[in-house]
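Dear colleague,

I am handing over the structure below, together with notes on what was found in it. Please read the notes alongside the coordinates.

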Amino acid sequence: MDYLDNQCKTSNCFRVCDGIFATIQKIVCVRNNMAEYNITLQREGVDYCVRVSETDLYRTKFLRNIPFGDMGEPELYKQIRRQIADIRFTDEDIRYRTDQNGLQKVNEEWMFVFSNGGIYDAGFTQRVYSGIEGYYIPSEAMVDSEEVKGIIKSLFRELNHNPKVFYPLFLLNIMAITNGYLRLLGEKQFMKITLWLAGASGSGKTELAKAVGTYVFADSDLNCNAVSATARRNYVLENLGHSSGCVFFFDDVKQETVRERKNSVKNKVDDILRSVFNGRLTDVVSGQSTPPLIDACALITGEFMQTEESQNARLLYLNADGFLKHERNSETLRILQQNPLWITTVCCDYICWLLTKVESDIFRSFVKSMMDEVRGEKKGYGGINNAARLNENRHMIEMVCILLERYLREGGLTEEFIGRFKRAAELSIESLCSNTFALLGGEEMIIQKAVSDLLKTCHIRKARFQLNPRYSDSGFKYRQDYFMLQSDDDILLIDDYEESLVKNTQGQHDQYDIKPCLIIREEKLINLLNESIREVLREYPVTCIFADEIISHLSRLLKKMQLIYKQRRSDGNWGRTAVKYPVCEVKEEWDKKYYEGEKEMETRCIVDYKPTVQLNAEHPYLDFLMERFEDAESEKILRGVELICDTDGKKLEESEIYKLRKAFMNSKTLYKE
């Protein structure tokens, strides 16, 4: 039954005969401008509804399945046909069916069309509708601006309790709404994204998807329009093809044991990912000659994921495992379920706002300039094959946050509210893209994330360039002991390694590979990364990689990812990661001598040569280091204490430190395949 069949009866109502009444509505199909009629016949309190096209009105027996007792069939058809011919339908009486959902022009006016009506810049109308089941917008979701403002505040008060999970689901709706407009701007693939919501059975992913991940309903009872992973492929494609302007919800992907079922689900997931990404169905469905265009996003929930790497680059990955274990999450989800129109109201108001901008050249210029700006930002996620796609996916979700910020500001929300939204959005984007990076990059992502986290938190000591008081005699411009590692250092920064090796030879520099130079003892790096890697795997439980497996190949992976330097080898092999470097440990020991019967403490600096690693401070994923370098402190740790060589207990000369430091830097290179 059509959604309009039970809506308001127009004045086009007449008595066919005793006890039988007919109501007729005229519907114009926008695609071909052909008319058809909704005919509702009522007898003994029962409605019988049929739809007949203008061409079939005089050619088919469209009432053959309706029981009308003793009344003659020819007379019944005669009465109805004559009545239709006599009715003078006004503009208010005529309904328009578009045969597609989403952004489109109807009678020269931009509208957003759904199953049961359409949104235009001034509100909601039932005169324009798609008639496609499953994309229902309640008219009560359309409220005045002041009420919308209150709903926005209530909604985001809940979403802000866990933005890492709630924000991506909410933003997916806004992306689905917006990508039809971006097609008009020539951005045919922008904001077309699939969000994969993962989690074990019982984690709450399906309820999350229903409450936050889709703003339309299947019917007037506000049931969710989810498509099961077990549905037929043709049914999946049909629903996906009708999802323009909406989020297509594909629910409950599981690990199938039967090969045929496993392949079937995998093929349907593949269809969704490719169709959404390309903005067109992968295949034709019944009744269509060519695959239709779609401006939609997709939401897939599943506890099992079996997709190709190239397909994974077409999605964003959100892990909700354990979501319901936290009481605050459960309470927030319950509140959102009790207020199912909050998301719909905000999305519908955003649609009204966007419709006022569709033909604005100023807004068009703003959107294009902001897209150029986000795309012009420094690229991240180096070291993985699909870094370009992941960066573009990130730009999409960053761009929708920019549009939402403008919508909220023009809607009268305070700067304080918008500031909270922006901070929560940034947090959610970073978490979401890191999850996806882990999915795409695997062990390499885990290492990069672990190294990044380590370098953001560990103590970096900047070496002091202390002029040598014996400069003219010793030949060294700077005291070499200040460039040694201390035993309790995390990382030592020598911000200009070349200058640190300047000798008294008319100011000439010896030439080396890189500046600045970051060095750390190999043993400390392994220990710190061991802990950091395990923490990353706890935070991003995407892959089946174990920390011990990564750590066992850590040296090779760090070199391959160009995060550390190696000693160059003539045979082209990997080369050594760690090279010996002077490391000083301050010790306090009891002197062997006695003074007036009491022992005396003696401070000694024992120097040993420890395997040391040089980090690549110019790696693109570590671009934040420049700020850390500026904040690093030059600490004077050695206070005139005599240096003792650990091997023979003799005084250590500066020339020995210099010789070892110079050897440490010689023949350094980054590994390149």
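Which residues does Ile-27 touch, not counting residues up to four places away in sequence? They are Met-34, Ala-35, Glu-36, Asn-38, Arg-51, Arg-95, Arg-97 and Tyr-129, where contact means heavy atoms within 4.5 Å.

Before going further, please note that this is a predicted model, in which local features need pLDDT of at least 70 and side-chain atom pairs count only at pLDDT 80 or more, while totals for chains, interfaces and linings use all residues. Residues are numbered from 1 along each chain as its sequence is written, and side-chain values use heavy atoms, with hydrogens and water left out.

Ile-27 itself lies in strand 2 (residues 20-29), strands being DSSP runs of E with at least two residues and helices runs of H or I with at least four, both numbered from the N terminus. Ile-27 has a relative accessible area of 0% and is therefore buried (under 20% relative accessible area, with exposed over 50% and partly exposed in between, for a 1.4 Å probe and protein chains only).

On helix packing, the axes of helix 3 (residues 163-184) and helix 11 (residues 387-410) come within 10 Å and cross at roughly 85°; axes are lines fitted to C-alpha atoms, for helices over the stretch in contact, with angles from 0 to 180 degrees between N-to-C directions. Helix 3 is therefore roughly perpendicular to helix 11 (65 to 115 degrees; under 35 counts as roughly parallel, over 145 as roughly antiparallel and the rest as oblique). Among the residues that meet are Phe-170 and Ile-174 in helix 3, and Met-396 and Val-400 in helix 11.

The structure also holds 21 aromatic pairs, counted when the ring centres of Phe, Tyr or Trp (its six-membered ring) lie within 6.5 Å, with planes under 30 degrees apart stacked, over 60 edge-to-face and the rest tilted. Phe-112 and Phe-114 form a tilted pair, 5.8 Å centre to centre with 40° between the planes, whereas Trp-353 and Phe-363 are edge-to-face at 5.5 Å and 90°. Since Trp-353 lies in helix 9 (residues 341-355) and Phe-363 in helix 10 (residues 361-375), this second pair ties together parts that are 10 residues apart in sequence.

Best regards
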